[in-house]
Amino acid sequence: MGIRRPAISTAVAAALIGSLGVPLLAGTAAAKDGAVTVREDFDGDGYQDIAVAAPGAKVGGHVWAGYITVRYGSAHGFDPARTTIINQDTPGVPGVPGDNHGFGYAMIARDVDGDGLTDLGLVTREYRPENNVGGSVILLWGRKAGIDGQGAVRLGAPANAQVGDDITAGDFDGDGHQGLFMRNGEDYDYHAVLYGPFDRTGAPAREQQVKVYSTDNSINSTAAGDFNGDGIEDLATFYVYENHAEGGKLWLGTKTGLSTAPRPLGSASASAVADFDQDGYADLATRIFPNGDTEGTEEDPGTVKIHYGSPSGPGQTRTQSITQNTAGVPGTSEKGDQFGGRLNTGDTNGDGYPDLAVGVPGEAIGSKAKAGAVVVLKGGRGGLTGTGARAFHQDTADVPGVAEPGDRFGGSVRLLDVTGDGTADLTAGAPGEDPGAVVNGGAVWLLRGSASGVTASKSAAQNPTDIGAPAAKALYGLNLSGDNGPGVVIP
């Protein structure tokens, strides 16, 4: 069957999450007109919502069992009275908590059944001995009353399969329904595309097998968007082998599904997608590996490279590199900053041009090493620019909390219009935050969008102790419902 290496055990996977970060990335899809195609509204009230993962949390006596919370948007920000905690003890959710499941360590938020409500796909590393399957993808259905475990299902998998790696969503055949790309089989060379709409048993409308590997390497990140402007989303996959980057592949979407003849792309450590210059082609923002070395990212200052879309695909006619030494970008490019460690897109000032949130989880704030920050770069007619860029961290006026060593603020980032005012708000995670005496409990912040962009005014924070959830080493905020980036190292 072409298997070259065994499936990752749950113990090894949990160790990878804990020491190396989450080695997955799902890009935010962008439509031809540049508008984000995903509206993460789980209850259909018109306000975007967010799921926050705490994959390191102890649940039911099990270490690294994990849970998620679902936070609901409102005109006043996240509704403090509506935070739902979900784990594998939640009624209706398949399975039971177990060591190293890492429930929600990767997530994808899409309307996969076509009912107009956003659904949430969660990846776990549980082992299912009944058919020797490693991992699972659990679908939680969007509901007017909000997401819970009601009717939740596991996606089907053949015996001896490894499931859930590299999960990414997109409309890869242009039929208006979201599909899921992921590993879902025994043959290591192939990944599956499960095309929507899914029925309530979790069955897709159809399935396509794609041979994603031609050498002995592995996918480290993915991104989806309409890069050539034909109205159908495409898929980018990026590869690593041992300690070096192996480039990428562009799989064009067609009316029959993903093309099986990929085009070459450069390498990427992290990515995000939007039409920053509004020319009708989705652009690909990436963090590059320093000198192609995958083991150098922790000490890397960080460089974000933008591959602008065109009729022939991303980066064929124009690229751009941005660092903290670029004119207008706050800060200075320094060893270990990890500028671009997490990336996400949204229109923060309502001018019609998507902006880019850049996580800088290794940034020192004064003498506080790895306290972390987020830089927001503005999109415009000429593309992304350092002009007018803003930086935020826990020592920014009006941001709750205090910057401390090892917080890794910016270890996750999302730009979503939580308040429904037409501007994207910044949700930022600090998975290394210590709430009180709780080590690595983690926390998330909401900074509102406005006509002038992201502002710290009226910003708010939440940590596990605020909601009575397990906190010790929870890494709350390591992932934000689709921000499946390469993660950050947490000691």
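Strand E1 (residues 50-54) and strand E2 (residues 67-71) pair in the antiparallel sense over 5 bridges, where pairing requires that DSSP finds at least two bridges between two strands. Strands are DSSP runs (E, at least two residues), numbered from the N terminus. The model is predicted, so local features need pLDDT of at least 70 and side-chain atom pairs count only at pLDDT 80 or more, while totals for chains, interfaces and linings use all residues. Residues are numbered from 1 along each chain as its sequence is written, and side-chain values use heavy atoms, with hydrogens and water left out.

**Open sheet around E1 and E2**

- An open sheet is formed by 4 strands, in the order E3-E2-E1-E32, with antiparallel pairing.
- Its edge strands, E3 (83-86) and E32 (479-480), each pair on one side only.

**Burial of E29**

- Strand E29 (residues 425-430) is largely enclosed by the rest of the structure, because 6 of its 6 residues are buried (under 20% relative accessible area, with a 1.4 Å probe and protein chains only).
- Asp425, Thr427 and Gly429 point one way from E29, whereas Leu426, Ala428 and Ala430 point the other way; all are buried.

**Partners of E29**

- Strand E28 (residues 412-416) runs antiparallel to E29 and is joined to E29 by 5 bridges.
- Val413 stands opposite Ala428 in E29.
- Strand E30 (residues 443-448) also pairs with E29 in the antiparallel sense, over 5 bridges.
- The bridge partner of Thr427 in E30 is Leu446.

Methods. Buried means under 20% relative accessible area, exposed over 50%, partly exposed in between (1.4 Å probe, protein chains only).
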